[in-house]
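Please look over the model below before reading my notes. Keep it open as you go through the points.

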Amino acid sequence: RIAELVNKIGGGVDRMPGKCCLDTPTTSAYFGETFNPQMECQNPGWWHLGISPESCESAGGQWTRSPCLTLKECIDDRPSSSQTSFNKQFEDWVVGTPNPVSTRKVRIYHE
């Protein structure tokens with residue numbers, strides 16, 4: 001039932017944060033080698049194992065991150081300058097140069 005909802009509402013397993021491959025050195029496309037993302041997975045894990053690295057590792061798999069399709073669609077579908085909902089400040093922020101990361105020393109106090 002949950003898998004049906006993921007496919008119907010969520011856009012399917014391609015929208016999961018990652019994928020889990022349960023290949024082992026004896027079952028991978030390259031016998032004797034541990035799975036890596038450049039290989040084709042022979043034994044993909046269940047859809048829910050793509051939620052996090054921890055869920056995949058608990059099943060004995062190798063987790064790889066998927067591209068964030070939702071973020072890309074959001075950026076691609078943002079309003080153009082001819083639309084009333086266009087926001088120049090947001091556009092400058094999206095396409096602008098990132099600021100250098102400010103580094104500070106963090107002090108942790110404990111009793």
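The numbered points below go from the overall layout to single residues.

1. **Ground rules.** This is a predicted model, where local features need pLDDT of at least 70, side-chain atom pairs count only at pLDDT 80 or more, and totals for chains, interfaces and linings use all residues. Residues are numbered from 1 along each chain as its sequence is written, and side-chain values use heavy atoms, with hydrogens and water left out.

2. **Layout.** The protein chain has four helices and two strands. Here helices (H or I, at least four residues) and strands (E, at least two) are DSSP runs, numbered from the N terminus. Their order along the sequence is α-β-α-β-α-α.

3. **Surface and burial.** The accessible surface of the protein chain is about 9400 Å², and carbon and sulfur atoms hold 55% of it. Such areas come from the Shrake-Rupley method with a 1.4 Å probe; for residues, only the protein chains shown count as cover. Of the 111 residues, 18% are buried. Buried means under 20% relative accessible area, exposed means over 50%, and partly exposed lies in between (1.4 Å probe, protein chains only).

4. **First disulfide.** The structure holds two disulfides, each a pair of cysteine sulfur atoms within 2.5 Å. One joins Cys 20 to Cys 56, with an S to S distance of 2.0 Å. It links distant parts of the chain: Cys 20 is in strand β1 and Cys 56 in helix α2, 36 residues apart. Both Cys 20 and Cys 56 are buried. The link is right-handed, with 80° about the S-S bond.

5. Cys 21 is joined to Cys 41, S to S 2.2 Å. The torsion about this S-S bond is about 95°, so the disulfide is right-handed. Cys 21 sits in strand β1 and Cys 41 in the loop between β1 and α2, 20 residues apart. Cys 21 is buried at 3% relative accessibility, whereas Cys 41 is partly exposed at 24%. Counting bonded cysteines along the chain, the disulfide pattern is 1-4, 2-3.

6. **Salt bridges.** How many salt bridges are there? The count is two, taking a side-chain nitrogen of Lys or Arg within 4 Å of a carboxyl oxygen of Asp or Glu. Glu 91 and Arg 78 form one, at 2.8 Å from N to O. Glu 91 lies in helix α4 (residues 88–95) and Arg 78 in the loop between α3 (69–76) and α4, so the pair ties together parts 13 residues apart in sequence. Glu 91 is buried at 18%; Arg 78 is partly exposed at 24%. Asp 92 and Lys 88 also form a salt bridge, with their closest N and O atoms 2.8 Å apart. They are four residues apart in helix α4, so about one helical turn separates them.

7. **A buried charge.** Asp 23 is in the loop between β1 (18–21) and α2 (53–58). Asp 23 is buried yet has no salt bridge. Lys 19, the nearest side chain of opposite charge, is 14 Å away. (Lys and Arg count as positive, Asp and Glu as negative; His and the chain ends are not counted.) What does the side chain of Asp 23 reach at 2.9 Å? It reaches the backbone nitrogen of Gln 42. The backbone nitrogen of Asn 43 lies 2.7 Å from a polar atom of the Asp 23 side chain.

8. **An exposed tryptophan.** Trp 46 lies in the loop between β1 and α2. Trp 46 is exposed, at 66% relative accessibility.

Note on methods:
Lys, Arg positive; Asp, Glu negative; His and termini not counted. Polar contact = N/O pair within 3.5 Å; in protein donor to acceptor, adjacent residues only side chain to side chain.
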